[in-house]
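Dear colleague,

Please find below the structure that I am handing over to you.

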Amino acid sequence: MASKSRPRTISVYLYIPNIIGYIRVLMNCFAFGICFSNKELFSVLYFISFAVSASFAMPWMVGLPANSIKVCLWYAVILHVSVLTIQFHDINLGLMCLADQYLSTFGAVLDMVTDRISTACLLVILSQVYRPSFVFLSLLALDIASHWLQMYSTFLVGKSNHKDVKDSTSWLFKLYYGNRMFMGYCCVACELLYITLFLLAKENEKMIDVLLGAARQSIIYSALLAFLLFGWATKQLVNVIQVS
């Protein structure tokens, strides 16, 4: 009698989401290597990596003039709108991976570590081009501490996902992690604000002066900045709740 052939198993390191994770790491290394010589290309690569969508190319953004408030703000709007499509793409990818049993703890950790290191590097860069630098270094410490404590507390109580906040008493915490679109908006707004600040940055400027200068250009730019700042502030408040 012929023996039944066993189904071949793929190494966890070769899962499709993990391969995408490796590409993100390489993309970030290249992006940060050229961040001062080509701000626009860096911003595009950084955002694509953040969106976890290597198949989405945005070549038409490369070559935008640097230090242009008008271009930078509209650039932020275009990326913010386009992320809605990317979010749906990521959801479909997640469902496909779940069906094929391609999700793994290794992939989740790789994704989170890549996100945290990428944001940390960008905040360090912003701390070098803006004054006071303590603001961005404090945001860096808060970001790392909040995610580490949230993951640690998740493992302590035996939950499988750090986004499981059913037992939380904070309505903002439940809203943030319970509504993926709202959480996506806050995360995207935060990253786009950092990217916009980097594109507008000049040596040793004060962040408040740059923001006020951009807001004075037009009421539209003021509204766009307010839109980004609200999402950024909400995310920082959630980080504070996670630490506490």
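Helices in this message are DSSP runs of H or I with at least four residues, and they are numbered from the N terminus. The model is a predicted one.

I begin with the annotated spans. An unreviewed UniProt entry places the feature "transmembrane region" at residues 12–34, 46–64, 71–89, 101–126, 133–151, 182–201 and 213–233. In the model, residues 213–233 are 86% helix and 0% strand, with end C-alpha atoms 20 Å apart. Residues 133–151 are 95% helix and 0% strand, and there the end C-alpha atoms are separated by 28 Å.

The largest nonpolar core has 50 residues, of which Phe42, Leu122, Leu126, Tyr130 and Tyr176 touch the most other members. Two or more residues of this core come from each of the helices H1 (16–33), H2 (39–50), H4 (105–129), H5 (134–156), H6 (171–178), H7 (180–200), H8 (207–215) and H9 (219–243). The most is given by H7, with 16 residues. Leaving aside residues up to four places away in sequence, Tyr176 touches Phe182, Met183, Cys186, Cys187, Lys235 and Val238.

Finally, confidence. The chain has a mean pLDDT of 76, and 68% of its residues reach 70 or more. Among its elements, H9 has the highest mean pLDDT (92), whereas helix H3 (residues 69–99) has the lowest (47). Over residues 80–89 the pLDDT stays under 50, and the model has 21 contacts beyond four places in sequence for them. The pLDDT is also below 50 over residues 91–100, a stretch with 5 contacts in the model beyond near neighbours in sequence.

With kind regards

Notes:
Residues numbered from 1 in each chain as written. Predicted model: local features only at pLDDT ≥ 70, side-chain atom pairs only at ≥ 80, totals over all residues. Heavy atoms only, no water. UniProt positions renumbered as here; feature names shortened; annotations may be inferred. Core = buried A, V, L, I, M, F, W, Y, C linked by side-chain atoms within 4.5 Å. Buried < 20%, exposed > 50% of the residue type's maximum accessible area, 1.4 Å probe, protein only. Contact = heavy atoms within 4.5 Å. pLDDT = per-residue confidence, 0-100.
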